[in-house]
Number of protein chains: 2
Amino acid sequence: MPDAAAGDAGLAAQIAAADKTSVAAALNLIEDRRPDAQARIARLLSALSLRPGVHRVGITGPPGVGKSTLTSALAAELRRRQRTVGVLAVDPTSQRSGGALLGDRARMDFDPSDQGLFVRSLATAGALGGLTHAANAVIAVLSSAYDRVLVETVGVGQSETEVEHAVDTVCLVVQPGSGDVLQFIKAGVMEIPDLLVVNKGDQHALAQQAATDLAVALSALRRVGIDGAPSAGPRWKVPVLVTSARDRTGLEALADALEAHLHNLGTTALAARRRAAASRWALSVLQRRYGEHAIEVLGGEATLRALIAEALDRGSPPPTVASDLGQSYLERLRDPA
Amino acid sequence: MPDAAAGDAGLAAQIAAADKTSVAAALNLIEDRRPDAQARIARLLSALSLRPGVHRVGITGPPGVGKSTLTSALAAELRRRQRTVGVLAVDPTSQRSGGALLGDRARMDFDPSDQGLFVRSLATAGALGGLTHAANAVIAVLSSAYDRVLVETVGVGQSETEVEHAVDTVCLVVQPGSGDVLQFIKAGVMEIPDLLVVNKGDQHALAQQAATDLAVALSALRRVGIDGAPSAGPRWKVPVLVTSARDRTGLEALADALEAHLHNLGTTALAARRRAAASRWALSVLQRRYGEHAIEVLGGEATLRALIAEALDRGSPPPTVASDLGQSYLERLRDPA
């Protein structure tokens, strides 16, 4: 369908120009579950390019730590710095209430007339596996349109959504008094973040205690050699920041720390992270669609990762790579050579 | 292999006699990833039967709320009541540290010489999909050996592990001051629990505030008609309890509330929950192994659920049902009629 392809290329161009209506149209397409929508998304993703200098930041942490308020305040700080901002809130919403019970408006405070700011939430709505794919696609769209992309996820460090892995910088938010160091380690949260934020700094003494606990835990982990995130830039020491989203304190320091992490990553580590994220996305789509059996039949995970890397290098977007590999799998099943 | 089958039947008999060594051997088998272990597990599961009157309780909640201490204290209370107790702690452990950094000993306080108490933790170790299967199998083993099975999981209500769904009663643990009612709803935690526990009741004022918040939220949800868990017994009003695992207060009330929930469920609702759990387990194993494509090829989820129900009624354990359906899928692919 050359017309449709041209239409998707046009949509991609309008997204790159940060046209809010086009961004919204693309996101609606991503949430459309019909098969022809999937083909259009694949074409759209092929036509999209990363905005030069874009920085994707994940804001993750357990529920109740004030991630939404912090994300909102950080977005405002970035807008003050003349950055355009796209926000994706991934919401493990109640299946039964369908997410409609209470909207984002109650939690986030945004100016809808600001053309440089786009906010969308994505509910799991019972499709946990599908969320990874949808979130990755939304992040790709926002990364084409805006200077800074903020992805808010509920997680204890290792979310099933793996959305954390789709961003350049992972920022873990905790609250003061939320437990001792042992609990942070127990929850497996210590391995992922590039930045640690103790939010609700208005509870000053508690926040300082939590920051101290975290610094101690980080130092303990460093001793056993598991500090830092995979392919972190050289000599990155995870900063522990104290913020109060409500009182709007600590946000400049947070924005500065995010810039510092981006700068510290440098082009090589940043490219490596993004390649790894694209590969993970492709593998996750394949596994969700055809299961572990497909991975075995196609030669195991190591072989597959190499195949995926080759296909990505040829410029195919991850869902297309997954779809092509799925066809190979089915052919092998039908005609085992 | 009649000898192996006889051996597994013997193991099942020893498990039913609550022989600790046999229970441990079965759990080791479940964690064994070799293909022949899978066949043995399937045979073992066929040979196992539920202990009469067994009650499986899930203790879930975000990290840092003191679930481990509470589980330990609850187990002690149940032992005081002459119940034998099996505990499974599902741990979203750091992939990198492999869970070996800090063991359960730091968190749980158990008497290893007590023959009526068995404790095992299960780490995700990077295999999120596999965890559901392993946890379900461990719960089946413990449910044959002990009067009460406590399953501790980290979750924000909708864990990817779906371990919550494998138990008869879900107990959600929160901490005082962990955020307002809106946050509980946002995290999607309000739809699942049968009991709500505000732990760390030593922070008395905060715990009372949290209990009040939760009661308000429950009442708000009831108004929009989404209170209670699926197939709850008649007229079950979710109790909000305050405990302090450290000070050992509120544990008798918790144990009483658990008994009350079991009694309220009654045999019909309990059987319905257990059938639903077995069906979910089979579907999850099938999906993990062969993906969504298998579900489509086999006629869609509704058709599959009916097929699964039939097979379960014939006495096949869920992994066997999944494995048989997987074979049908592969046959249809190879020879599309």
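Which residues point one way from β5(B), and which the other way? B:T169, B:C171 and B:V173 take one side. B:V170, B:L172 and B:V174 take the other. All of them are buried.

A word of caution before I go on. This is a predicted model.

Let me stay with β5(B). The strand is mostly covered, with 6 of its 6 residues buried. Now its neighbours. On one hand there is β1(B), residues 55–61, which pairs with β5(B) in the parallel sense over 4 bridges.

B:V167 lies between β4, residues 148–154, and β5, residues 169–174, of chain B. Is B:V167 buried or exposed? It is buried, because its relative accessible area is 6%, and the cut-off for buried is under 20%. What does B:V167 touch, leaving out residues up to four places away in sequence? The contacts are B:R56, B:V57, B:G58 and B:V151. Look at B:R56 in particular. It is 111 residues from B:V167 in sequence, yet the two C-alpha atoms are 4.9 Å apart.

Over to chain A. It has 10 helices and 7 strands. Of its 337 residues, 57% are buried. Take the contacts in chain A with a separation of 6 or more: 80% of them join residues 24 or more positions apart.

Strand β1(A), residues 55–61, runs parallel to β5(A), joined by 4 bridges. A:I59 has A:C171 as its partner there. Strand β6(A), residues 195–198, is also parallel to β5(A), with 4 bridges. A:V174 is partnered by A:V198.

Now the helices. Start where the chains meet through α8, residues 251–297 in chain A and in chain B. The two axes come within 5 Å and cross at roughly 130°. The helices are therefore oblique to each other. α8(A) passes α8(B) in a left-handed crossing. Which residues of α8(A) meet α8(B)? Among them are A:Q287, A:R288, A:Y290 and A:E296. From α8(B), the list includes B:R289, B:G291, B:E292 and B:H293. By class, this contact has 2 nonpolar, 6 polar and 8 charged residues.

Last, a packing inside chain B. α8(B) meets α9(B), residues 301–313, with axes that come within 10 Å and cross at roughly 130°. That makes this pair oblique. The crossing is right-handed. On the α8(B) side, the contact includes B:A278, B:A282, B:L283, B:L286 and B:I295. On the α9(B) side, it includes B:L304, B:I308 and B:L312. The residues of this contact divide into 8 nonpolar, 1 polar and 5 charged.

That is the tour. Questions, please.

Definitions and conventions:
Residues numbered from 1 in each chain as written. Chains lettered and ligands numbered in written order. Predicted model: local features only at pLDDT ≥ 70, side-chain atom pairs only at ≥ 80, totals over all residues. Heavy atoms only, no water. Axes fitted to C-alpha atoms, helices over the stretch in contact; angles between N-to-C directions. Helix = DSSP H or I, 4+ residues; strand = E, 2+ residues; numbered from the N terminus. Parallel < 35°, antiparallel > 145°, perpendicular 65-115°, else oblique. Left-handed = near helix turned anticlockwise from the far one by under 90°. Contact = heavy atoms within 4.5 Å. Nonpolar A, V, L, I, M, F, W, Y, C, P; charged D, E, K, R; others polar. Pairing = 2+ DSSP bridges. Buried < 20%, exposed > 50% of the residue type's maximum accessible area, 1.4 Å probe, protein only.
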